[in-house]
Amino acid sequence: MIPLIEINEIPEGLLRLKDARDLHLLLPHPTLLYLKGDDKAPLFVSVLLHGNEDAGLFAVQDILNKYQERRLPRPLIIFFGNVYAAKEGQRRLDGQPDYNRVWPGCEHENSKEARLMRKVVRRVKSYEPFASIDIHNNTGKNPHYGCINSLRDDFLYLASLFGRTVVYFETPTGVQSMALAEHCPAITVECGKPHVAHGVEHASEFIETLLHLEDLEHHHIDHRAVDAYHTVATVTIDASHSFSFTDKNAEIRLLSELEDDNFTELPVGTLFAHVRAGSDARFEARDDKGNERFDDFFTIEGDEIRLKKMMMPAMITLDERVIRQDCFCYLMERIDVDEDEAREVERVCMMAET
Ligand SMILES: [Zn+2]
């Protein structure tokens, strides 16, 4: 069992902490911190679900420093997630599942991590949260963007308060924002690479905005104010195939220039990789239902893997360990979020679930 520590005072030293690797000295296990505020529904914030993504930790530190002598405009519940991986400066430890794939609705509900997240959701839900934010960094060159799992107006409005780039997705499952979306408007925010001040500032400003916001309903969404994209495939490389950006002997040789193309619509024929002569290696491109659809998105011509249709990649990273642990990239298409269409997408998703 993984213990869940529950506290309602800021631990000594948290406000001065400089390095997420030292957080375990204050919080040796995953922790829920409840802080009182004005008489309103609380804001829920989770940080460090990925141990090497510290923007969330320093954003909440910034907020707590600001409100040291003042009452919070609404209560704040903070979940400090994978403090074990944070100690090692890693996304997750070898042998641990990803802490953002084990929330209610995930595929492996029996793991001790899944039991931990069920407990967190049960506790947070009992406080009837106003909204939920899960704060991340990523490794590739990406703009800051928000991810939502519903195209309802209150979710879109929440996303628009963070920035105009919004990604709507249905898989992977077991992510925090999908679990919390059952109880309140919820969002995952991606704040660029770790250890960059701008990412921390942006996340902190977003928390501050939500602390002061009266409500998320009753706001008219100007649908031209957001660029919304839908993930259509997750591109991974099977463990049986070697890959590299530099090693000419790898079965799949990826192109490092692609990192500059995150959130850029790429034309048909864009080169993604070279395949070693005689190898049958290829990517796996899985859609939301888990179906393998490489042939719908890519072609192999000679030793080259090229795009078969116009697509926008996201999260392309040069970090080979992250590619093994997570994925090489997501492929996305733009969605026109006018109100009727949003309703239609919601309806189709609900039908798919039943
Ligand atoms: Zn992350």
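What share of the contacts in the protein chain with a separation of 6 or more comes from residues 24 or more positions apart? The answer is 75%, where a contact means that the C-beta atoms of two residues, placed from the backbone, lie within 7 Å.

**View 1. The whole protein chain.** This is a predicted model, in which local features need pLDDT of at least 70, side-chain atom pairs count only at pLDDT 80 or more, and totals for chains, interfaces and linings use all residues. Residues are numbered from 1 along each chain as its sequence is written. The protein chain holds 10 helices and 17 strands; these are DSSP runs numbered from the N terminus, with helices being H or I of at least four residues and strands E of at least two. Its radius of gyration is 20 Å, close to the 20 Å that the globule rule gives for 354 residues, so the chain is as compact as a globular protein of that length. That radius is taken over C-alpha atoms, and the rule is 2.2 Å times the number of residues to the power 0.38. Along the principal axes, the C-alpha atoms fill a box of roughly 65 × 50 × 40 Å.

View 2. Domain 1 gives 13 residues to the contact and domain 2 gives 15. On the domain 1 side, four residues are nonpolar, six polar and three charged. In this scheme Ala, Val, Leu, Ile, Met, Phe, Trp, Tyr, Cys and Pro are nonpolar, Asp, Glu, Lys and Arg are charged, and the others, Gly among them, are polar.

**View 3. Helix α2 and its cover.** Helix α2 (residues 55-66) reaches 17 Å from its first C-alpha to its last, close to the expected 16 Å, which is 1.5 Å times one less than its number of residues. Its buried residues include Leu57, Phe58, Val60 and Ile63. Buried means 20 or more other C-beta atoms within 10 Å of a residue's own, with C-beta atoms placed from the backbone. Among the elements covering them are α1 (23-26), β3 (43-47) and α7 (197-212).

**View 4. Arg74 in its loop.** Look for Arg74 between α2 and β4. Arg74 counts as buried because it has 22 C-beta neighbours inside 10 Å. Leaving aside residues up to four places away in sequence, Arg74 touches partners including Asp38, Pro42, Phe130 and Leu211.

Conventions:
A residue is buried if 20 or more other C-beta atoms lie within 10 Å of its own, exposed if 12 or fewer, and partly exposed in between; C-beta atoms are placed from the backbone.
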